[in-house]
Each structure stands twice: as C-alpha cells, then as structure tokens.
Amino acid sequence: MTDTILCIDIGTTSLKAAMLSDARKVEAFSRVPLDGKAECWMGALKKAVADMKAQNGDAAIEAVCVSGNGPTIVGMDSATLLWNEVAPTQKSKNDTKSLFIPRFKAFRELFPESWASSSKIFSGPEYMLYRLTGNAITILPEERFTPAYWTDAELSECGFSKEEIGKFPPFKKMGSFVGQITEEAALATGLLEGTLVFAGAPDFVVALLGTGTIHPGTACDRAGSSEGINLCTTKPIFAEGIRTLPSAIPGLWNASVLIEDSGTRRFKDGRIDESGEESLLREFSEAVEKLKKAAESNGEYFPPEIAMTGGQCMDREWVSKKEKAAEVKILVPYCHDAELIGDLILARVALGDYDDFDEACFVLCGNR
C-alpha cells in the first residue's frame with residue numbers, strides 16, 4: 001500500500017481532491033462539479049472518494065487536509081453565501097479592512113433564520129472540516145491576516161452582540177490538527193472513521209505553498225477561471241494595480257496583479273475561444289511587466305521563471321503562448337492544482353515528517 005494524504009480543495013464551481021504521495025505523484029485525482037451551495041459538498045466528496053478508490057486500490061489515506069475559497073459564509077443548516085455572490089450593500093459607521101465582517105452582515109440579512117438557529121457560522125473549508133470532525137474552527141493562515149478576518153472588539157464596534165460574536169469559531173493556525181473522521185462522516189463519505197484531519201488554508205495561500213512561492217524572488221501564476229500573478233517579497237509593495245498581502249511565511253509578503261475572468265474568457269461552453277486570445281496574452285504580458293517593474297523599483301528581485309497552477313496549465317499550447325508573450329519560463333507542477341500540493345505540505349509538516357515549510361516545499365513541490 002502507498003501512504004497518501006487526501007487533499008481536498010473546495011472551489012466555487014467544483015470540489016477538487018487528490019491522493020498525493022511523498023513521491024511527488026498524484027496517486028488518484030477527482031474533480032466533482034458543485035452548484036456552489038454547501039449542502040452538496042459532502043455528497044461531492046463521497047463521489048470523489050469512490051472515484052479515487054476505483055482509480056487506485058493500493059493508495060491508503062493516512063490523513064486528510066481541507067482548503068478552500070473565502071470569504072464564503074455558511075450556516076449550520078448549510079445556507080451559503082459564496083465569496084463572489086452579490087450581497088446587500090452594508091452601510092456602517094465603521095470602516096473595516098475585514099473581508100469577513102461585511103459578508104457576516106450580508107449573510108445575517110439574507111438568511112435570518114439560518115443566522116438565528118446556527119450556533120456557529122463558518123467560512124467555506126471550515127464548514128467541511130466541521131462536517132468531517134464535529135469540531136468548529138476558523139483557519140487563520142498567519143497572525144498578520146487578522147485585520148482581514150476580525151477581532152471581537154471590531155465585531156462589537158460593527159454592531160454584533162456578544163451572543164453573535166460567540167457564533168464565530170476560534171482561530172487556529174493553518175496546518176492545525178482539527179480532529180478525526182466521525183462515524184457519521186465516515187458513512188457519508190466513504191472515509192475511514194478515525195482518520196486524522198488537518199486544517200488547510202485559503203486557496204491562494206495553499207497555492208503559494210504548493211508552487212514553492214515562499215522565498216523572496218519566487219513567483220507563480222494562479223490561472224483558473226480568474227488569474228493572479230504572485231511574487232514573494234521581503235517588504236510590502238505599494239503601487240497602482242498591485243495588491244499586497246502577507247505571505248504564507250512570517251516576515252515575507254506577497255504582491256500580486258489580478259486578471260479577472262481570464263479562464264472564463266478563454267474557455268466558453270467547455271471549448272477554447274480563440275477570438276480573444278490575443279487580448280488575453282497581452283493582458284498577461286502587461287500584468288507580468290507591471291509586477292516586474294514594481295518589484296525592481298522597490299529593490300525586489302523578479303525571476304525569469306514562474307510556477308503555474310490551475311486549469312489553464314493543463315493546456316500545454318496555451319502555456320507556451322503565455323511564455324512567449326511575457327518572455328518568462330513557466331513551470332507546471334506534477335499536480336496541476338497546486339493548492340492540493342499545499343494541503344499535502346501542511347499535513348506532512350503537521351505529522352512531523354518535515355521540520356518546516358521550507359524543507360517540505362523543497363521535497364514535495366517538484367517544480368523548482
């Protein structure tokens with residue numbers, strides 16, 4: 001039997017899962033479409049598990065790690081407000097940097113019954129973790145992300161009562177042990193009761209880990225339905241069109257340029273749409289150049305090669321055209337959805353197989 005980590009990423013339109021081994025190999029992979037609502041997530045996972053077991057009966061699941069999009073908000077009855085759904089405009093006297101507080105307010109307005117009846121309110125992957133283990137947490141990738149999440153004091157200032165604040169599960173670091181697969185979850189998914197479950201992180205954070213974008217001067221292209229070119233830096237970069245957030249690694253930062261809907265425009269009705277190809281390549285080239293110039297102006301190094309993750313990297317011809325347009329070499333990981341490699345890294349470090357992310361990325365990424 002080959003020991004693997006079952007890596008699960010909850011996307012906007014699909015659940016992606018893979019059994020990944022330390023041999024930098026995808027032992028089995030499954031992608032199950034989602035209608036966006038959390039009530040179908042456990043069923044989708046059951047289909048994915050059955051599919052992967054059929055692909056490889058010799059792969060054993062040592063542990064599970066779950067990541068996903070956010071700030072998607074979910075009640076205990078599975079009422080769901082996706083991160084990208086249009087929600088009521090929340091007027092408040094309090095300016096906030098939080099990505100979650102406005103969504104909490106919108107969820108409360110849109111789903112009053114769910115809000116009232118739910119003892120806990122979750123973000124996306126945390127709801128799946130709760131369904132698998134019965135334990136409620138909120139994944140905080142790193143302390144510097146707190147302003148993008150919340151504090152009890154800020155929640156109170158924004159009009160949440162003490163009882164409402166108690167609905168939000170406590171913060172746990174990414175990679176934390178959450179619990180074990182319960183009997184109920186085992187019956188619902190086909191997983192083995194008692195299997196260890198670990199917290200992943202928001203999808204873009206595990207993508208940084210999974211592509212090895214954790215050292216200054218490393219870069220990646222997250223290219224799915226939308227796209228973001230990311231660069232790891234030693235200090236924040238403040239420039240027009242550049243979004244800077246903390247890196248997955250304490251003390252470092254992530255600068256990015258976003259291209260909305262590039263994958264959606266590239267693939268229409270399941271087919272490649274070549275009519276907008278020239279425009280997309282120009283946008284990609286301009287985004288890379290913008291990030292490169294901003295980096296160099298701030299004394300940061302921009303590399304001649306970048307890793308790529310997401311559905312767009314499955315099209316080798318398209319990858320080649322992007323390389324020529326932006327004059328960079330693009331490295332494609334062994335698992336096209338590198339978020340899942342990030343989950344593997346988090347689980348393996350948590351299990352004590354590697355001392356830190358640096359060692360785990362060196363061994364498990366396979367694209368640097």
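**Close-up 1. S21, a buried residue in a predicted model.** S21 belongs to strand β2, residues 14–21. Strands here are DSSP runs of E with at least two residues, helices are runs of H or I with at least four, and both are numbered from the N terminus. Leaving aside residues up to four places away in sequence, S21 touches T2, D3, T4, E27 and L344, where contact means heavy atoms within 4.5 Å.

A quick word on the model: residues are numbered from 1 along each chain as its sequence is written, and side-chain values use heavy atoms, with hydrogens and water left out. Since this is a predicted model, local features need pLDDT of at least 70 and side-chain atom pairs count only at pLDDT 80 or more, while totals for chains, interfaces and linings use all residues.

**Close-up 2. Helix α8 packing with helix α12.** Here α8 (residues 203–210) and α12 (residues 338–350) pack at about 80°, and their axes lie 7 Å apart. That makes the pair roughly perpendicular, a label for angles of 65 to 115 degrees (under 35 is roughly parallel, over 145 roughly antiparallel, the rest oblique). Axes are lines fitted to C-alpha atoms, for helices over the stretch in contact, with angles running from 0 to 180 degrees between N-to-C directions. From α8, D203, V206, A207, L209 and G210 meet α12 residues A338, E339, I341, G342, D343, I345 and L346. The contact splits into seven nonpolar, two polar and three charged residues; Ala, Val, Leu, Ile, Met, Phe, Trp, Tyr, Cys and Pro count as nonpolar, Asp, Glu, Lys and Arg as charged, and the others, Gly among them, as polar.

**Close-up 3. The largest cavity and its lining.** Its volume is about 50 Å³, meaning the space filled by probe spheres set on grid points that are joined across faces, edges and corners. On a 1 Å grid over the protein atoms alone, a cavity is a set of points where a 1.4 Å probe fits but cannot get out, and lining residues have an atom within 4 Å of a point; a pocket is an open set with protein on both sides within 12 Å along at least five of seven lines. Around the cavity sit E227, I259, S262, L280, L281, F284, Q312, W318 and K322. Helix α10 gives the most to this lining, three residues.

Key
Buried < 20%, exposed > 50% of the residue type's maximum accessible area, 1.4 Å probe, protein only.
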